[in-house]
Amino acid sequence: MKKELKHHYIGASYGGNQEWFSGFMMKIGGCAAETAIECCIYFDRNFKTSLCPFDADKVTKENFVSLGEIMKPYLRPRMSGIDRLSIYIDGFGRYLSDKNSPIKLSGIEGSESCEKAKAALISQIDREIPVPFLCLYHSNPSFKEYEWHWFLINGYELFDNTLMVKAVTYSTWEWLNFDDLWNTGRARKGGMIIIEI
């Protein structure tokens with residue numbers, strides 16, 4: 001079984017890129033804001049919400065960067081990063097509230113079982129909703145590029161009890177083994193955001 005959500009392009013780029021943001025801190029620490037912006041564009045395009053100050057069917061790099069400046073006060077970079085789901089839920093939740101959106105956010109902490117997380121992720125993608133994901137430290141060096149990083153998951157493939165997920169970040173994507181991603185082998189955990197729309 002395989003399901004992938006239709007992601008937007010900005011020019012030739014698969015979605016946006018935090019390296020486009022203005023300011024050093026947003027370039028290195030704007031990943032949470034970047035995933036929130038990707039969600040706003042996605043929801044405007046597919047659920048006809050009004051979360052972007054531009055036409056989400058014709059997004060430019062300039063549009064993306066300007067929304068980064070708008071999102072920055074809600075999900076501002078900080079020394080420790082946005083290292084807890086609660087910070088993301090509070091920040092993005094305030095943006096949604098200010099836009100009079102009924103969208104609700106909750107989280108599944110990384111300390112929860114992998115089976116619970118799998119079921120929730122599959123349910124989200126099946127309902128056409130992307131999943132913002134936070135990975136903190138990871139004992140597997142294969143996930144080094146995802147450490148202390150927010151990214152989107154917008155697809156899955158399930159076969160022989162193996163769940164592969166489509167991870168989107170820096171205008172590109174790759175398939176990751178979800179069990180390996182979730183089981184970080186570290187005491188501090190990340191987790192994922194559940195969106196109700």
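Me: In the hairpin of E7 and E8, which residue takes a positive phi?
Reply: In this predicted model, Tyr170 takes a positive phi near 50° in that hairpin, where two residues lie between the strands.

Me: How many bridges join E7 to E8, and how do the strands run?
Reply: Six bridges join E7 to strand E8 (residues 172–177), and the two run antiparallel. Within this pairing, Lys166 stands opposite Trp175 in E8.

Me: What about Ser171, where does that lie?
Reply: Ser171 lies in the loop between E7 and E8.

Me: Does Ser171 count as buried or exposed, and why?
Reply: Ser171 counts as buried because its relative accessibility is 17%, and the cut-off for buried is under 20%.

Me: Which residues is Ser171 in contact with, leaving aside its neighbours within four places in sequence?
Reply: Ser171 is then in contact with Ser13, Tyr14, Gly15, Gly16, Asn17 and Trp20. Its side chain reaches the backbone oxygen of Gly16 at 2.9 Å.

Me: Turning to E6, how is that strand joined to E7?
Reply: Strand E6 (residues 149–159) runs antiparallel to E7, and six bridges join them.

Me: Last point: how many residues of strand E7 are buried?
Reply: Seven of the eight residues of E7 (residues 162–169) are buried, so the strand is largely enclosed by the rest of the structure.

Conventions:
Residues numbered from 1 in each chain as written. Predicted model: local features only at pLDDT ≥ 70, side-chain atom pairs only at ≥ 80, totals over all residues. Heavy atoms only, no water. Buried < 20%, exposed > 50% of the residue type's maximum accessible area, 1.4 Å probe, protein only. Helix = DSSP H or I, 4+ residues; strand = E, 2+ residues; numbered from the N terminus. Pairing = 2+ DSSP bridges. Polar contact = N/O pair within 3.5 Å; in protein donor to acceptor, adjacent residues only side chain to side chain. Contact = heavy atoms within 4.5 Å.
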